[in-house]
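Hi,

Here is the structure I promised to pass on to you. Have a look at it first, and then read my notes below.

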Amino acid sequence: MTFDRRDIDGFFINGALRAPSSNERIDVIHPANEEVVGSVPKSTPDDMVAAVDAARRAFDDGPWPRTPPQERAEMLRAIADGMEKRVDDLAWLSTAQTGMPIALARQSHGLELLRFYAALANDVPWEERRRGMSGDGLVRRTPVGVAGLIVPWNAPSLLMNKLPAALIAGCTTVVKPSPETPLDTYVLAEVLQEVGLPPGVVNIVAGDAAVGQQLVDDPAVDKISFTGSTESGRKIMARLAGRIGRVSLELGGKSASILLDDAPLESALPVTIAGSCLNNGQACIALSRVLAPRSRYEEVVDTLAAMVGGLPVGDPFDESTFVGPVVNAKQRDRALSYIDIGRSEGARVVAGGGTPPDRDKGFWVQPTVLADVRNDMRVAQEEIFAAVISVIPYDGGDDTAVAMANDSRYGLSGAVWSANPQRALDVARKIRTGTITVNGFIYDIGLPFGGFKQSGVGREWGLEGLEAYVEYQTINLPEGL
Ligand code: NAD
């Protein structure tokens with residue numbers, strides 16, 4: 001594979017590339033073979049101050065928050081069109097930076113979210129006259145202000161879970177991608193320049209946690225929308241408490257695929273595997289716990305072991321690859337150490353369990369199935385963030401499965417399987433999780449997405465996703481106005 005290497009020399013601030021404040025640079029590494037695919041300047045808190053300043057001025061004095069929503073929608077559509085022309089480049093960059101299989105990378109750029117929020121602009125009552133208890137009032141959806149959007153490395157498109165909703169609401173933004181995945185945001189920046197988005201409405205400074213913290217701590221930022229680990233989310237929420245900063249958090253998960261005793265295994269197991277190995281297992285929504293009734297446990301374990309053991313693992317640029325590398329050495333070591341923890345807790349490795357023998361470069365973890373897992377083991381409770389499936393037997397009926405699924409600090413995703421969809425729906429209603437699918441694994445941007453418990457606060461997607469960027473204002477009206 002030859003790389004179209006990118007070396008970039010600035011940060012997108014106030015509508016243009018601005019020289020960095022430091023000469024230090026960061027190499028971006030392709031996780032399959034450790035080749036350098038590009039480099040960017042290393043940001044410092046000074047770069048972040050400049051970005052926040054541009055966003056603040058664009059909010060206070062610029063046209064964007066005062067532009068009618070339908071005109072903002074036109075801009076979102078133009079951004080989507082501009083990005084669509086670059087889909088091959090964006091897919092290439094996703095795979096080059098993260099190791100995401102190319103077939104998946106081609107589908108995930110969030111263009112549909114830009115178009116969804118553009119269409120929603122017509123349906124939202126931005127300013128509504130309502131009858132209160134003592135008279136009429138105007139209820140206005142106003143932009144929350146400057147929104148800081150902090151995103152992780154696992155899928156560059158995660159930014160699109162935030163940016164379109166923030167923009168249609170009239171916010172100005174500072175985007176902080178991870179240092180592992182800065183390159184695709186420069187393609188976005190090019191598109192924003194092309195379509196003429198007013199300067200300062202979107203500013204982008206990739207950087208590490210210290211630079212992210214600078215964004216969180218800046219009093220000129222009204223709202224932080226964060227996607228990442230629960231641990232970082234907790235720190236961010238605590239820091240914002242001082243100034244009652246608005247916050248939305250999309251955090252980790254340890255979601256269950258619940259097989260009831262009449263589950264159709266021929267569809268349940270392939271879909272569960274797809275859900276647990278999604279993006280090389282680096283997906284917050286991964287179905288990483290399989291709850292199987294004791295009566296069918298051996299059948300489930302044997303089938304999962306055979307299927308996962310046979311998955312195509314390899315070059316993420318190869319169209320047939322199902323599982324590629326994990327993003328970096330730290331994530332690989334973390335996943336391998338969890339597999340060891342599982343072994344020492346008494347789990348049986350029935351597929352994978354190490355690194356593929358034919359890879360001497362890159363960051364690889366074999367897709368792995370752990371059998372005989374108990375729900376109180378660390379491998380059943382903690383997020384591993386690699387394609388590692390814990391298969392947990394349960395005795396008793398559906399209520400036992402419900403109790404085990406709910407015995408988790410997380411609540412983000414899930415699936416429940418039965419030959420009787422009504423029975424599965426009854427179970428789904430009892431699961432404390434943000435999204436769960438009956439006999440499938442579906443994510444639909446038209447419907448709200450987010451976490452219960454320590455999986456997060458607030459929702460993205462759907463009408464509810466807009467609420468994260470809206471501050472309600474009530475104006476009480478005198479009679480006759
Ligand atoms: P992370 O928490 O280490 O970092 C996420 C982002 O936050 C990065 O840009 C990082 O630089 C920044 N950051 C870290 N600490 C910060 C701080 N104190 N202040 C400000 N910014 C800070 O997470 P990660 O390892 O990059 O990503 C993996 C995690 O993300 C997993 O736990 C996964 O479940 C979660 N995730 C959640 C969702 C979701 O929608 N719920 C989606 C994808 C990933």
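What follows is a short tour of what turned up in it.

A word on the ground rules: this is a predicted model, where local features need pLDDT of at least 70 and side-chain atom pairs count only at pLDDT 80 or more, while totals for chains, interfaces and linings use all residues. Residues are numbered from 1 along each chain as its sequence is written, and side-chain values use heavy atoms, with hydrogens and water left out.

Let's start with a sheet. Helices (H or I, at least four residues) and strands (E, at least two) are DSSP runs numbered from the N terminus, and two strands pair if DSSP finds at least two bridges between them. Seven strands make up an open sheet with mixed pairing, in the order β15-β16-β17-β14-β13-β19-β20. β15 (348-351) and β20 (437-438) are at the edges with a single partner strand each, so one side of each has no neighbour in the sheet. Inside that order, β13 (residues 256-259) and β19 (residues 414-417) run parallel and are joined by four bridges. To find the spot, look for Ala256, which sits opposite Gly414 in β19.

Now for β5 (residues 36-41). Is this strand enclosed or open? Five of its six residues are buried (under 20% relative accessible area, with exposed meaning over 50% and partly exposed in between, using a 1.4 Å probe and protein chains only), so β5 is largely enclosed by the rest of the structure. β1 (residues 6-7) runs parallel to β5 and is joined to it by two bridges; there, Asp7 faces Ser39. β4 (residues 25-29) runs antiparallel to β5, with five bridges, and Val28 has Gly38 as its bridge partner. The hairpin of β4 and β5 has six residues between the strands, and Glu34 takes a positive phi near 65° in it.

Two other residues have a positive phi without being glycines. Asn279, at about 55°, is in the loop between α10 (265-277) and β14 (289-293), and counts as buried at 6% relative accessibility. Phe385, at about 65°, is in the loop between α13 (378-381) and β17 (388-394), and is buried too, with a relative accessible area of 13%.

Next, a helix with a buried side. In α14 (398-406), the buried residues are Asp398, Ala401, Val402, Met404 and Ala405. They cover an arc of only 165° around the axis (taken from the directions from the helix axis to the C-beta atoms), which puts them on the same side of α14. Their cover includes β13, β14, β17 and α15 (421-430).

Finally, compare two arginines. What does the side chain of Arg72 reach? The answer is the backbone oxygen of Trp64, at 3.2 Å. Leaving aside neighbours within four places in sequence, the contacts of Arg72 (heavy atoms within 4.5 Å) include Trp64, Trp126 and Leu167. Arg409, in the loop between α14 and β18 (410-411), is partly exposed at 37% relative accessibility.

Key. Polar contact = N/O pair within 3.5 Å; in protein donor to acceptor, adjacent residues only side chain to side chain.
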